[in-house]
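The sequence and coordinates are shown first, and the discussion follows.

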Amino acid sequence: MRTIVAIAITALALAGAAGATGPPQSQFQIRSLDGSGNNIRHPDWGQTFTQYLRVASANYADGVSQPVSGPSARYISNRIFNDEGQNLFSENGTTQWAWTWGQFLDHAFGLRDETPAENLPIPFDKTDPLEEFQNDVGSIDFARTPAAPGTGTSRRNPRQQINTVSSYIDAFSVYGGTNARLEWLRTGPVDGNMANNGATLMLTPDGYLPRADARGNAATAPPMDLMGALVGTPSRAVESGDVRANENIALTGVHTLFAREHNRIVGLLPSSLSNEQKFQIARRVVGAEEQYITYNEFLPAMGVRLPQYRGYDPNMSASLSTEFATTGYRIHSAVHGEFDIDVPAGTYSASLLTTFRSEGIDVQTAANGDTELTVPLTLAFGNPDLLQQIGEGPLLAGLASEREYKNDEQIDNSMRSVLFQIPKPGSTQPCATPVIDPNCFTDVSDLGAIDVQRGRDHGISYYNDLRRAYGLPPMRSFTEITGESSDQLPQGLTINSPSILDFVKLFDDKGNVIPLGSDTAQEDAVVGIRRSTLASRLKAIYGDVNKVDAFVGMVSEKHVPGTEFGPLQLAMWTKQFAALRDGDRFFYANDPVLAQIEHDYGVTYKVTLSQLIKLDTGVQLQPDAFKLASDQPTVHDVALQGHRRTVQPRAYGRP
C-alpha cells in the first residue's frame with residue numbers, strides 16, 4: 001500500500017516574502033507525510049506500510065511462521081517482572097521525561113499493524129502461588145500481528161510484519177501520515193481541498209488538543225485508539241497525528257506541547273507568506289526540533305553515544321528493525337507508576353481538589369503551602385480531561401521533578417497487571433495509591449507478558465542469538481547475564497515460593513542502606529536486593545541459557561555504567577538511532593533550509609526541551625529536563641546562548 005501525499009514532491013518557494021531572499025525553489029522539497037521519497041534511490045525506504053527490517057534470522061518453531069514455545073509469559077512475569085510494589089529509580093538521575101519522550105518518539109516511527117490476526121491468548125493460572133490478581137476472563141488477551149503480504153510461505157520467506165507509520169523522526173505523531181488526517185487537524189474547512197487550510201493546527205481557546213466532536217460529528221473525526229473510560233465516551237478523545245495520543249496524560253501533554261509550538265512558530269512568520277508556506281515552514285522546524293532534542297538531550301541522558309555524524313548516507317536505510325521495534329525499544333519498566341504535581345496554593349479551586357480526591361488522587365499541602373498531587377498512572381490512561389484539570393504546565397514540570405523508574409526487569413503493576421483497566425464498580429478508593437490494590441480489578445492485562453509473547457509472535461531470536469547478531473558475545477551462564485554471584489535459589493525455597501521475591505535490602509544512589517518499608521524506600525531506592533537472585537529465578541524458569549526470550553534476557557542484564565541499559569539494549573539503540581540519523585536526507589544537520597529559515601525569519605530549531613516548554617507554557621525548568629536539577633552543574637551549556645534556565649518551581653500557573 002502506498003499513501004502518497006499530494007505535496008510530497010512539490011517545492012515551496014519562500015522568496016515571495018517581502019525582503020526575504022529565500023532558498024532556491026529546488027532546495028525546499030517538502031517531506032512527504034508517509035516517509036516516501038526520502039531516499040531518492042529507494043523511495044519506499046522508511047515509508048508507511050512497509051516491512052520492518054531484520055538484523056537476525058527469524059526464530060519460528062517451524063522456521064516459517066509458528067511461534068516458538070516456552071514458559072508461559074504470565075508465569076515469567078510473576079517471577080521476573082513483579083516489583084512487589086517496591087519502587088527502584090534511575091541510578092543516573094534521569095527524570096520521567098525520558099520514558100515520556102521515548103514513548104512520544106516511538107509513536108513517531110513505529111506502529112505494527114494492529115489488525116488482530118490469529119488468537120494466541122496468554123494462559124492465566126489462578127492457582128499460581130505467585131499470582132495476586134484475579135482474571136474473570138480466564139486468560140490474557142493476545143492476538144498475533146498479521147503477516148506482511150506474501151511472507152510466511154517457506155523457510156526462505158519467513159513471516160514478517162508491517163510498520164504502519166513512517167520510520168523517520170519527522171513529527172509524524174503531530175501531523176499524521178495522510179492528507180485526510182492532516183486536513184482535519186489544520187484550521188479551515190474539511191472539504192478535500194488542502195489549498196484552503198489555515199497555517200495553524202486546531203487547538204481549544206485555552207490551548208489544548210481538539211476533541212473528536214470539535215467539528216460536529218465525532219464519527220467523522222480521524223480514528224483514535226480508545227482505552228479506559230474513553231471506550232464508553234469516544235467523543236471525548238483528543239485528536240492528533242498519531243492514533244495513540246490518548247494513552248496517558250503525559251503523552252497527551254507532549255502532543256499538546258508540539259501543537260502549541262507549531263502555532264507559535266506560525267505566529268512568528270510574516271503575513272506576506274501564504275498559509276501553506278507558513279504551515280510548511282513550521283512543520284519543518286518542529287520536525288527538526290524533535291530530532292535536535294532527541295540527539296542532543298534524550299539519547300545522552302540515556303547514555304547512548306553515537307559515532308560522529310558524517311552526513312547523509314543514501315545507502316543507509318532508516319527503516320526500523322523488528323528487533324528494535326519489538327524488543328529493544330521497550331523500556332516499560334522505566335514508566336513511573338504515578339505523577340507528582342507541585343503547584344502554588346490556590347492554583348486549583350476547592351471544588352476541583354475535592355474532585356481530585358474522589359478520583360483517587362492524593363492531595364496534600366506542603367510545609368511551604370504548596371499543593372501536592374500524587375496521580376496514579378492508572379488514572380492517567382485514556383483521560384485527556386485530567387490533563388486539562390491539572391494543566392499543561394504543571395504536568396510537564398512534574399515530569400522533570402522526579403526520577404523515572406529504573407530500566408530493569410521490574411515493571412509496575414499499573415502496566416504489569418491492570419494496563420488500561422478501570423476499577424470495578426463499587427471499588428473503594430484509592431485503588432492505586434501507593435500501590436495497586438488487586439481487589440479493585442477483575443481483568444488482567446500484562447504489558448511485560450505481552451512483550452514476551454510479541455517477541456515470539458514476531459520470530460525474534462533467542463537472547464544469545466540476538467547478542468551475536470549485534471556483535472556481542474553470548475552469555476555462558478545466568479550469573480553472567482545479571483552480574484550476580486549465584487544462580488541457586490535459597491535453601492528450602494522453590495521457584496513457586498512467594499517469599500523469593502521479598503526485598504531484603506535497599507540502597508540509594510550513594511550506596512547508603514535505606515530502611516525497608518520507610519518513606520525513603522519508595523523515594524530514593526535505586527538498588528534492591530531480593531531474597532533470591534534474578535539469576536536463580538531465570539535458571540529455574542528456563543534451565544538453558546540459550547533458550548531465554550530476548551526481551552527477558554535484555555532487561556535482566558547489568559547496566560553499562562553511566563547508561564540506562566545493559567549491553568544488548570545499548571547496542572540495539574546505538575545501531576537504530578545511528579540509522580535514523582544517517583539515513584534521513586532531511587536530518588537537521590543535513591538540511592540547509594533550516595539555516596535559511598533562521599536567516600530570513602529568525603526562527604530556529606535549536607531549542608532544548610526546557611526552552612520549548614518555557615516558550616509554550618511559561619513553565620521554567622532546570623536547563624536539562626531529562627536530568628534532575630540536583631544532578632546538573634551550576635553552569636550548563638545549552639543549545640542557544642543567552643537562554644540559560646534556572647529552577648523556579650513557582651514560576652507557573654496552569655497553562
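Tyr75 is found in helix 1, where helices (H or I, at least four residues) and strands (E, at least two) are DSSP runs numbered from the N terminus. At 26% relative accessibility, Tyr75 counts as partly exposed; buried means under 20% relative accessible area, exposed over 50%, and partly exposed in between (1.4 Å probe, protein chains only). Leaving aside residues up to four places away in sequence, Tyr75 touches Asp128, Ile495, Asn496 and Ile541, contact meaning heavy atoms within 4.5 Å. Tyr75 and Glu131 are 56 residues apart in sequence, yet 8.6 Å apart in space, C-alpha to C-alpha.

## Basis of the model

This is a predicted model, in which local features need pLDDT of at least 70 and side-chain atom pairs count only at pLDDT 80 or more, while totals for chains, interfaces and linings use all residues. Residues are numbered from 1 along each chain as its sequence is written, and side-chain values use heavy atoms, with hydrogens and water left out.

## Thr494 and its loop

Thr494 is located in the loop between helix 15 (478–482) and strand 8 (503–507). Its relative accessibility of 42% places Thr494 among the partly exposed residues. Not counting residues up to four places away in sequence, Thr494 touches Leu489 and Ile500. Thr494 and Arg476 are separated by 18 residues in sequence and by 23 Å in space, C-alpha to C-alpha.

## Positive phi values

Phe49, in the segment before strand 1 (50–51), has a positive phi near 60°. With 34% relative accessibility, Phe49 counts as partly exposed.

Glu84, in the loop between helix 1 (73–81) and helix 2, has a positive phi of about 55° although it is not a glycine. Glu84 is also partly exposed, its relative accessible area being 33%.

## Helix packing

Two packed helices are described by the angle between their axes and the distance between the axes. Here, axes are lines fitted to C-alpha atoms, for helices over the stretch in contact, and angles run from 0 to 180 degrees between N-to-C directions. The axes of helix 5 (residues 249–268) and helix 20 (residues 609–617) come within 10 Å and cross at roughly 70°. Helix 5 is therefore roughly perpendicular to helix 20 (angles under 35 degrees count as roughly parallel, over 145 as roughly antiparallel, 65 to 115 as roughly perpendicular and the rest as oblique). Leu257, Phe258, Arg260, Glu261 and Arg264 of helix 5 meet Leu609, Leu612, Ile613, Leu615, Asp616 and Thr617 of helix 20. This contact comprises six nonpolar, one polar and four charged residues; Ala, Val, Leu, Ile, Met, Phe, Trp, Tyr, Cys and Pro count as nonpolar, Asp, Glu, Lys and Arg as charged, and the others, Gly among them, as polar.

Helix 6 (residues 275–302) and helix 18 (residues 567–582) pack at about 175°, with their axes 13 Å apart. Helix 6 is thus roughly antiparallel to helix 18. Helix 6 contributes Thr294, Tyr295, Phe298, Leu299 and Met302 to the contact, and helix 18 contributes Trp573, Phe577, Leu580 and Arg581. By class, the contact has seven nonpolar, one polar and one charged residues.

## Helix 13

Eleven of the eleven residues of helix 13 are buried, so this helix is largely enclosed by the rest of the structure. The buried residues of helix 13 pack against helix 1, strand 2 (122–123), helix 7, helix 12 (413–416) and helix 17 (550–556).

## Pocket and cavities

On a 1 Å grid over the protein atoms alone, a cavity is a set of points where a 1.4 Å probe fits but cannot get out, and a pocket is an open set with protein on both sides within 12 Å along at least five of seven lines; lining residues have an atom within 4 Å of a point. Grid points are joined across faces, edges and corners, and a volume is the space filled by probe spheres set on the points. The largest pocket holds about 1500 Å³ of space. Its lining has 49 residues, of which Glu114, Glu247, Leu419, Phe420 and Leu447 lie nearest the centre. Helix 2 supplies the largest share of this lining, five residues. The lining of the largest pocket divides into 23 nonpolar, 15 polar and eleven charged residues.

A search of the whole structure finds eight cavities of 30 Å³ or more. The largest cavity has a volume of about 140 Å³, and helix 6 provides the largest share of its lining, six residues.
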